[in-house]
Amino acid sequence: MLKYSVNEGIYGQEPLEASIERIAHFGYDGVELVGEPYSLKVKFVRSLLKSHGLEASSICGIYTLDRDLSNIDPSVRENAIRYVKDCVVFASELGAKIVIVVPSPVGKKSPTAPFNEEWRLACESIHNIGQFAAGLGVQLAIEALNRYETYLINKISQSLKLRNEVDLENVGVMVDSFHMNIEEMSIAEEIKRAASQLIHVHIADSNREAAGFGHIDFRSLLQALINIKYKGYITMEFVPPKIESHIEDFLTAENEIFNLHTGQSINYIKKLYQEFGKIIKK
Ligand SMILES: [Mn+2]
């Protein structure tokens with residue numbers, strides 16, 4: 001059985017209580033928390049999750065320009081390493097098994113050193129954090145973002161190469177259907193390629209809305225996950241539109257848009273998964 005969670009960061013400034021209540025309401029198993037270990041209080045988050053019967057599935061690191069694991073400037077790199085280690089501690093305190101790692105930050109338009117040098121630095125940083133995380137029983141999932149958001153790692157083949165150079169048991173890769181739709185020839189083939197190293201999945205459709213609201217072929221994506229016997233979380237990471245075209249009144253209240261996309265994502269993927277279940281049983 002797959003488990004489902006939502007990245008709570010997609011709800012913007014909404015109080016965490018409201019987001020968690022919505023996520024529980026639509027039948028999810030867990031929540032992916034934004035990696036802000038300095039502003040979120042562990043005790044508070046833990047009690048919120050407990051009262052709604054949810055797990056912390058994962059921590060989504062937020063890679064701003066000052067959290068650059070591949071930067072040539074050692075002070076920037078050290079700041080980034082410290083930040084991700086704090087996310088790892090945050091994860092272990094919440095019982096989350098995974099911290100997402102993006103080796104070069106969002107919005108980094110040009111490298112600070114030749115490609116090979118930044119690659120080596122990324123490797124070194126992730127190795128350092130990986131060893132620390134192993135001691136706390138936390139895994140690191142390397143995420144490739146599309147070329148319009150960052151450079152260094154844009155494709156699954158690159159995530160895998162970096163993962164293999166880091167070569168720690170608790171360091172794996174993840175896939176994100178939105179980024180893959182831009183970067184890859186075939187989403188299913190890349191899932192197959194990642195196979196045993198695949199430890200986390202982000203789902204958003206081609207327009208970054210809820211699954212089923214764009215044109216990604218989620219049938220073949222799910223089939224690929226079933227084929228490799230993926231057992232981790234499916235985390236919804238849609239970006240709710242400001243103006244909603246699926247509801248007749250375009251200027252719908254934000255809360256209604258959030259509800260629509262949160263429900264649509266899980267219902268759409270679960271329905272496809274159940275269809276496969278019937279096929280597999282036959
Ligand atoms: Mn993602």
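Biologist: In which sense do β5 and β6 pair?

Modeller: In this predicted model, strand β5 (residues 139-142) and β6 pair in the parallel sense over 3 bridges. Pairing requires that DSSP finds at least two bridges between the strands, and strands are DSSP runs of E of at least two residues, numbered from the N terminus, while helices are runs of H or I of at least four.

Biologist: Which residue of β6 does Ala 141 stand opposite?

Modeller: Ala 141 stands opposite Gly 172.

Biologist: And what joins β6 to β7?

Modeller: Strand β7 (residues 198-203) runs parallel to β6, with 4 bridges between them. Val 201 in β7 is the bridge partner of Val 175.

Biologist: How many residues of β6 are buried?

Modeller: In β6 (residues 171-176), 6 of 6 residues are buried, meaning that 20 or more other C-beta atoms, placed from the backbone, lie within 10 Å of the residue's own; exposed means 12 or fewer, and partly exposed lies in between. Val 171, Val 173 and Val 175 point one way, and Gly 172, Met 174 and Asp 176 the other.

Biologist: Changing topic, which residues of α1 are buried?

Modeller: Ser 19, Ile 20, Arg 22 and Ile 23 are buried in α1 (residues 16-25). They lie on the same side of α1, because they cover an arc of only 160° around the axis, taken from the directions from the helix axis to the C-beta atoms. Glu 17 and His 25, on the other side, are exposed.

Biologist: What should I know about numbering and confidence?

Modeller: Residues are numbered from 1 along each chain as its sequence is written. Local features need pLDDT of at least 70, side-chain atom pairs count only at pLDDT 80 or more, and totals for chains, interfaces and linings use all residues.
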